[in-house]
Amino acid sequence: MIDEFEFFLDKPWSDGLPVVTPTEARLATMLAATRRYPDEPIGRIPPAMEPVTVRIAAIHALMAGCRPEYLPVVLGALPLMLREEFNLNGVQGTMHGVAPLMIVNGPHAARIGINGGNGCFGPGFRANATIGRAIRLMLLNLGGGMAGIASATIFATPMRYTACVTENRGRSPWESLAVSKGYADDDDVLTCAMVESPRLHFDDVSQAPERLLTGIADGMTALGSWNMHARSDMVVAMGPQHATICERAGMSRADVHRWLVERAGRTVGDLKRGGNWRRERALQFPIAVDPDDDACFIPTLKDPIDLQLIVAGGWGPCTAICHGWSGGSRAVHGHYDAEA
Amino acid sequence: MIVDQALDPFEFFFDKPWSDGLPVVTPTAERLAWMLSGTTREPDEVIGPVPPAMNVATVRDVALHAVMAGCLPACLPVVLGGLAIMLREAFNLNGVQGTMHGVAPLMIVNGPYAAKIGLHGGNGCLGPGFRANTTIGRAIRLILLNLGGGIPGLASATVLSSPQRYTACWTENTERSPWETLAVARGYAPHDDVITCAMVEAPRLCYDDVSQEPVRLLTGIADTMAAMSSWNMHVRSDMVVVLSPEQATLCAQAGWSRANTHDWLVAHGGMLVAEMKRGGNWRDERARRIGVDPTDDSAFVPVIKQPQDLHLIVAGGWGPVSAVAHGWGGGSRAVHGIYEVR
C-alpha cells in the first residue's frame, strides 16, 4: 500500500514538505469558506499556463495546510500576482532567487491570525506559513516553476517556502502601508512585491532618527544588489521600536519613507568597483544619472513607489530589509474580498 | 461531508504550540518503526538535552520528529549527527533559542552520504523542492521548538525571525566545484561524512555578471559581507559565503585556490571605523573588545575576526551569483565533526 504522505512527497512539484491529504471531505470544508463557484476561473499560472479555478486554489490551500478562512486571502492574491506588471513569468524562470512576498493589511488579517509581531518572517504561525505556501505550491504545480526545470534559479532562497506577513498594528506608531496608499482602515488589502529573504539590520545604539536611518540606508545598498542597477522593489520592515524612535522625534511614516528614498544609495565611483555595474544599465534608469561622473549619486530606489515601508516584528532594535529583482517587476496592490 | 476538525490528525498537530505552522506526517507507531530502520542505534540512546527547556532527546525522539518533518529513514543519521554537534557548548544553542536576532543553525553536509540520500547542492539548493534538504533542516527546527521550547513570544524573543528558520540544510555542488570541499579544507578525508554547523541569517544574494577576474568579483562579495548593522562587524561571529560554480570557476581559472579566495575575503571584507560610526551597532566599548581603537577613524575593521569563522562553500546552479549569510552577535562558534552513518 502506498503511504498517502509518500505519494505527495514523490511528486516532482513537491516543495519537499508533507502536505495535508486533499480528500473530498476536506475539500468540501475548504470550499465552504467561499461563496464563489468552484469552477470560477481565476487565471493561468506562467510559464506552464495551467488554469487555476477556485476549486484548484482550494485544493492547494488545503494541501499547504490552510484553514478555510485563509482561502479568501489566497484567492485574492492570485489575480494580483497574475497582473502583467508583476511579471510572475519572469520570476518563475529567473536565475535570481526572489519570491512574491504578500503583505496583508486590514481587519481580516488580524481575524485569521496572520502574525505581524515576534518572529513574523519565520516559522510558528499557521496563517503566515500556509497562505504563502499555498501560493508556492501553485507556482510549482500549475506554473512549473521547479528549480532545474522551468526555473533557472541558481540558489533560490528560503523565502520561497512561504512569504506572507502583516504589520504589527498594535505597536506601530503610524498608519498601515495600505492606508498610506489611500485605502481605508477597514479595507482588506494585499500588496505583493518580488523580494529576497530579509537582511536583518540590528541597531541598539541610535537614539535619533538620522543615525538610525543612516544605518538602514546602508543595508539598502550593496554592489551586488539589483536595486542598485535597475528599477526594482524593496521592502523595509521596521521593528516597532525603530519606528517609534522616528515617530517620537516627530517623523511621520511619509517622512521616513522620503528620507530613505533620498539618502539610500551609492556613488558611481563606488558602484564601479564590483557587482553588476554596467554603464548601459545606468543609462536605462528612469531617472537621469551621469555614469561617467564618479561623484554622481545613484539612489537605491529609482521611484518612491518602489519602497514598501511597513512596521512589523516584536519589540527590539531590529529592522529587516528585502532587496528586489532585476528583471522588471512592479509591486502590485489591491483590495480583496474577505467575505466572497 | 464536512470534516470534524477536532478529530482530523492534521488539526491535532497544527494546534500544538510548537507547530512550525506547516502540516506534519502523522507519527504512527508503524511510521516510527520505519524511521528507526534508518539507524542501528538503540531507540533509548540519549543524544542530549535541548536548551532552554532541556527536554532530553533520545534516538526515538529524534526519529519521531524526523517522521513528522517528512524525512525518509535514510536521512535519520544526518539528523542524529547534526543534533549532537549542535549541542556542543561552543555552538551556544541556548543563546540563539532566546535571542532577539533571527539566525538559524545552518547545517552544511559534506561527504559521500549526502549525495547518497539526495541532498541537493545544485540549482535552487537554498530553497524549496528538495526533500532531503527541506526535511532534515525541518526535523532540527521541530526539535528546537518542541523539546527546546524556542517558540517566538515564549522562550524566543526573536524580533523578526527569518525564513531560514523553517529549514537550513545545505551541501556543496561537488560536481561543478573546482575546489576541494569545506570539510576537506579543514583536514577531513573526502570519504568522511562531515557536518559543519554555523548560526547564520538567510542568504543575501550578490549578483555579478560583469567581473572577468577574481579581484573585482571578490570586491563585490566583500561589500555584501560588510554592513553597519551586521553583527559580524561588531563582534567575532561566523559567516557563510556560497560561491556559485561559475564564480568559483572564474577564480580557479585565474589560478586561485580555495585557500587564496578564503584569505582574500578575510583580508578585504570590512569597513573603516569612521564609516561604521555613522549607524548601526557601533559602540566604542564593542570596538575595544575586538581590539579596535575607536578613536582611529582610519582603522580598518575586518568582517571576519578569525579566519576559521568564514565558511566558504561552492553550491548552486550555473550562473553569476553568490550568497552571503551573516552571523549572530551573541557568541556562537561554528562546530564541525564526522557523523556516523549507522
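In what order do the 4 strands of the open sheet in chain B stand? Here are my notes, starting with that one.

1. The order is S6-S11-S7-S10, and the pairing is mixed. Strands here are DSSP runs of E with at least two residues, helices are runs of H or I with at least four, and both are numbered from the N terminus; two strands pair if DSSP finds at least two bridges between them. At the edges sit S6 (204-207) and S10 (310-314) of chain B, each pairing on one side only.

2. Before going on, a word on the source: this is a predicted model, where local features need pLDDT of at least 70 and side-chain atom pairs count only at pLDDT 80 or more, while totals for chains, interfaces and linings use all residues. Residues are numbered from 1 along each chain as its sequence is written, with chains lettered from A and ligands numbered from 1 in the order in which they are written.

3. Back in that sheet, S7 (residues 239-243) of chain B runs parallel to S10(B), with 5 bridges between them. Look for B:Val241 opposite B:Leu312 of S10(B). Helix H12 (residues 258-268) of chain B packs on the sheet and touches S7 and S10 of chain B; contact means that C-beta atoms, placed from the backbone, lie within 7 Å.

4. Now to chain A and its strand S3 (residues 99-105). Because 7 of its 7 residues are buried, S3 of chain A is largely enclosed by the rest of the structure. (Buried means 20 or more other C-beta atoms within 10 Å of a residue's own, with C-beta atoms placed from the backbone.) Both faces are covered, with A:Leu101 among the buried residues on one side and A:Met102 among those on the other.

5. S3(A) has two partners to look at. With S5 (residues 189-195) of chain A it runs antiparallel over 7 bridges, and A:Pro100 stands opposite A:Met194 there. With S4 (residues 164-166) of chain A, S3(A) pairs in the parallel sense over 3 bridges.

6. A:Leu101 is also among the residues with the most contacts inside the largest nonpolar core, which has 222 residues. Such a core is a set of buried Ala, Val, Leu, Ile, Met, Phe, Trp, Tyr and Cys residues joined through C-beta atoms within 7 Å. Helix H7 (residues 126-141) of chain A gives this core its largest share, 9 residues.

7. Finally, the contact between the chains takes 80 residues from chain B and 81 residues from chain A.

Notes
Two residues are in contact if their C-beta atoms, placed from the backbone, lie within 7 Å. Axes are lines fitted to C-alpha atoms, for helices over the stretch in contact, and angles run from 0 to 180 degrees between N-to-C directions. A residue is buried if 20 or more other C-beta atoms lie within 10 Å of its own, exposed if 12 or fewer, and partly exposed in between; C-beta atoms are placed from the backbone.
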